[in-house]
Amino acid sequence: MTIRTNHDHGQHYRPRMACLKKVDALVVEMQDPKNGVKFQEQKLVITTIPHAMTGQDIHAWIVKRLKVTPEEAGAFGTMLVAYGYIYPLQNHKKLVLKGDSSLYRFQTPYFWPAQKWPMDDTNYAIYLAKRNIRKKGVLETYEQEHYNHLHKWMNHKWDFIVLQAKEQHKAGKERKKPDRVVFDCQERAYWIVHKPPPRTFSAMDYGLDRHIDPNEEEKKSIEHYRRIIIFVQQYIMRSRTKSTVSLGALVKFVTTYKTHDPFLAPCLPSNPWLTDDSTYWELNMPNAEIPTQMRVEHWTFSFYELLNDPRGRADFWKFLKKEFSGENLAFWEAAEEMKWGTADSMKEKAESIYKTFLAPGAPRWINIDQKTMAITVKGLDHPHRYVLDAAQTHIFMLMKKDTYGRYLKSPVFKDTQKKALNPEAHNFSDAQLEQNARNRRPGIHPIILWQQAEEEKAKIAAATKQVDIKQVMSKLDRNRK
């Protein structure tokens, strides 16, 4: 019996096939003997590797051929390594292009992602078994976990897998040493691309598998043209904005948020996902005592950004208390709590909000127009999550137009801005980052954490629950009978 799987990471129908075909053509051009990347025999420890090339030669060729900046060339070269078109000969775990003397080779076209070669678990099990034989039982931690899992799952044909691995290992010994090293590197690079170590970026991760080819051209039927006509009619009726206005707004937005975008600017003092340094999390906790300068600057972008940050909202509360005008923000928070609260508490929260903010003579009465007040009070007869949306929007706009501007000019904000921290960047060496990656362990699955929490709750409930002696004695009597 053969169990077939569909664990191909979206290889069934690849949505970016057009992009991959362009990359295929460029890689073929890179291998041109005259105008391509220079490759020659290179020494790797004591073995001579044929047709090897350095990372700086690849980087220089990409800059010259595509006419891009060195940073863009490095990103594109890393993409080629991540997709498996080029593989490193020295450090397999980090699928990046280093612009130095590190050695690389072109992957065999048989292993290119555009070939849509399905990743069979049997082939991966044979590869792990062969690697286990070669390394005499010493595998990487994640490889050992996969090996044990596949051994348990495919136990019915494990003898066949081990036999195939021994035959391939025996055939590999008969090759010349350079060819054997090259073939081993090719195979390992393929499986590291498609079965990466834990917490490693995978270029092959395309989400859910597609069983309908998105690259296939649609047949020109009557239904096809009918949908085109409907789309064009809706497109003509749509309102328009001048391109200069929309592009100006886009440029303004990008200029404002550029230094706050984690993809465009580095995290200070360091990126915790790469360095395992928790300083960034500690400085940016929701209710940190002293915020960072970048965080305070973020509050000035818009009133929504200020309210969306718990630390910024606390600072805004401090300003409102000095002006004795905190009822608007209190109502906004109560509306948010009602919107995201449980369904059982809707009626109770609606009554509390009405008595506190909306009823005549309420202790924290808010000033909204008569029409909005009438709609809100009438809706509270049958409360639901969004019954306060009109009043909440009105209060939000009032605070945005009046209170927010005064807050940015107030001594409270200036004092917070003056005390804000500006952390210096932590510079970690490549050796330190590699050591952190080796020491990193996969996190506990959320389901396991939930199960542990439920077991702990059950134990506490059992310990605190009062025991009914009569029920216990009656159960013992029934068991004796």
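## Backbone exceptions and cysteines

K67 lies in the loop between helix 2 (55-66) and helix 3 (70-83). Helices here are DSSP runs of H or I with at least four residues, numbered from the N terminus. This is a predicted model, in which local features need pLDDT of at least 70, side-chain atom pairs count only at pLDDT 80 or more, and totals for chains, interfaces and linings use all residues. Residues are numbered from 1 along each chain as its sequence is written, and side-chain values use heavy atoms, with hydrogens and water left out.

Stay with K67. Its phi is near 55 degrees, a positive value in a residue other than glycine. K67 is exposed, with a relative accessible area of 76%. Exposed means over 50%, buried means under 20%, and partly exposed falls in between, using a 1.4 Å probe and protein chains only.

The peptide bond that joins L268 and P269 is cis, and omega is about 5 degrees.

The loop between helix 10 and helix 11 (279-283) holds D276. D276 is not a glycine, yet its phi is positive, at about 65 degrees. Its relative accessible area is 40%, so D276 is partly exposed.

C185 is buried, with a relative accessible area of 8%. C267 is buried too, at 18%. How many disulfides does a search of the whole structure find? The search finds 0. A disulfide here is a pair of cysteine sulfur atoms within 2.5 Å.

Conventions:
Helix = DSSP H or I, 4+ residues; strand = E, 2+ residues; numbered from the N terminus.
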